[in-house]
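Thanks, everyone. Let me walk you through this one quickly. Please keep the picture in view while I talk.

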Amino acid sequence: MPYKLGDDVLSKLVIRQQYDSNAILKNLFNMTGTSLPGVFKMPMFWTMWTIHVGLFFIVRFANCPVGSDGVKLNLECRDAKQFLSAEMNLPIGDLGLLNSLTAFFIVFYSGNCFARYTAMYGAAIAIQGKMHNISLYVRSYFVQPATRWNVIRYLLASHYIFYWSLRRRMFDWKNPQYNVDPGTFKDVCKDILIPKGILIPVEADALMAYKGNKHKLLFSWSIIALKRIMQANMPTGEKGNPMLHSEFEQTSLTTDLKKEIVEMRGAIGTIDNSMLFPIPFQYYHMVNMTVFIYLLFLAYGLALKDNPLTILIYPLTLVVVLGLLNTANAMSDPFGMDACDFNQEMITNGIYNECKMLCEEPDESFLSSIGDPSF
């Protein structure tokens, strides 16, 4: 049954590109979200097709002059097709080795890019999972909404800053996927973090003045906030909170939360380091060089067939080969603007909304009766 997802549903998904794998014909004629628009924008596609068409017309129409009787005026003259077939013939079968190398390189390169894509997806989801875990801990063990919020808001600030820093770096490096200026760090604080109540102005100023890793500073603030809250309420717990009456409970909670925070920092580091460690250029260059040489010889070999159908067959080959490369390149950087890229707005705002709701929601009245035999 075909998916019928509105924009309101798609905006809440990390991967907005959803499809029904059984609707083969519908997907076949759907250009939106495919690699075709990207292929048609590639200079290599039009260059190689132009080369093939040019060679085809040379083979077909570069003939020796003939008289009115249809006989060549110069009997020693050879048509372009005769000359090339005799002196520079290239049967398509002779491209077998080059064809195998091209297929191997494309498959191997695409596999590496997909592995990179899934690893970064896993890390992005892990960050979300850690934030959910921490919000559940503070919701369960702390009564006061302000106490809950003070533990988690620094982590939310790090989350927003992390995705902003990815876009900022790629924009500064002139990556064509990032053509929208994400603004300065001051803009993020002024337009997002302070209005949402994640940071107060004095904290934003301290972050802007800090020259080191802002994520680590925010993580340390979250741990320090947790420590200060615990110290202020020992040994009776947070304002009489029965969940934190024992020192063991407080120690256990602190250990669990610190573990989640450290693992969240590790997931952020995984994505950040992966983005700074692209597919090695030597390998990327070899893949593209092999593809270029193969497509160039294929353009020549098909032109020698002197068959007009090759003018349609060759661009279809270009679409397949270049489309696979285009898709692999898109997967290698899932934080841009491609159809398969992650929905960063949903990731950051979704976590913020969930955490804020959990922190502000008061305890349900019936929870205090759980354990009572009369309940």
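Predicted model: local features only at pLDDT ≥ 70, side-chain atom pairs only at ≥ 80, totals over all residues.

A word on terms before anything else. Helices here are DSSP runs of H or I, at least four residues long, numbered from the N terminus. With that in hand, take Tyr 314, which is found in helix 13.

Now the whole chain. How many helices and strands does the chain have? The secondary structure comes to 14 helices and 0 strands. Read along the sequence, the pattern is α-α-α-α-α-α-α-α-α-α-α-α-α-α. The radius of gyration is 31 Å, well over the 21 Å that the globule rule gives for 375 residues, so the chain is more spread out than a compact globule. The box tells you its extent. Along the principal axes, the C-alpha atoms fill roughly 110 × 50 × 35 Å.

Next, burial and surface. Of the 375 residues, 38% count as buried. The accessible surface comes to about 21,000 Å². Carbon and sulfur atoms account for 64% of that surface. On charge, there are 32 positive and 32 negative side chains. The centres of those two sets lie 4 Å apart. And contacts: take those between residues at least 6 apart in sequence. Of these, 73% join residues at least 24 apart.

Back to Tyr 314. Is Tyr 314 buried or exposed? Its relative accessibility is 0%, and buried means under 20%, so Tyr 314 counts as buried. What does Tyr 314 touch, leaving out residues up to four places away in sequence? The list is Met 48, Trp 49, His 52, Leu 295, Leu 296, Leu 298, Ala 299 and Leu 302. Look at Leu 302 in particular. Tyr 314 and Leu 302 are 12 residues apart in sequence, and their C-alpha atoms are 7.7 Å apart in space.

Stay in that part of the chain. Asp 306 sits in the loop between helix 12, residues 281-303, and helix 13, residues 310-332. Its phi is positive, about 55°, although Asp 306 is not a glycine. Most residues other than glycine have a negative phi. Asp 306 has 17% relative accessibility, so it counts as buried.

On to helix 14, residues 344-360. At 1.5 Å a residue, its 17 residues should span 24 Å. The end C-alpha atoms are 24 Å apart, which agrees. Which residues of helix 14 are buried? They are Gln 344, Met 346, Ile 347, Thr 348, Ile 351, Tyr 352, Cys 355 and Cys 359. These buried residues pack against helix 6, residues 96-141, and helix 7, residues 145-172.

Lys 12 lies in the loop between helix 1, residues 7-10, and helix 2, residues 24-28. Lys 12 and Glu 345 are 333 residues apart along the chain. Their C-alpha atoms are separated by 9.0 Å. Lys 12 itself has 61% relative accessibility, so it counts as exposed.

Pro 65 is in the loop between helix 4, residues 43-61, and helix 5, residues 80-87. Pro 65 is exposed, with a relative accessible area of 52%. Leaving aside neighbours within four places in sequence, Pro 65 is in contact with Lys 72 and Leu 73. Its C-alpha atom is 10.0 Å from that of Leu 75, 10 residues away along the chain.

Gly 93 comes next, in the loop between helix 5 and helix 6. Gly 93 is exposed too, with a relative accessible area of 63%. Gly 93 and Lys 26 are 67 residues apart along the chain, and their C-alpha atoms are separated by 35 Å.

To recap: 14 helices, 0 strands, and a chain more spread out than a compact globule. Over to you for discussion.

Notes:
Residues numbered from 1 in each chain as written. Heavy atoms only, no water. Helix = DSSP H or I, 4+ residues; strand = E, 2+ residues; numbered from the N terminus. Rg over C-alpha atoms; globule rule 2.2 N^0.38 Å. Buried < 20%, exposed > 50% of the residue type's maximum accessible area, 1.4 Å probe, protein only. Contact = heavy atoms within 4.5 Å. Areas by Shrake-Rupley, 256 points an atom, 1.4 Å probe, with all protein chains shown as cover. Lys, Arg positive; Asp, Glu negative; His and termini not counted. Charge placed at Lys NZ, Arg CZ, Asp CG, Glu CD. Expected span 1.5 Å × (residues − 1).
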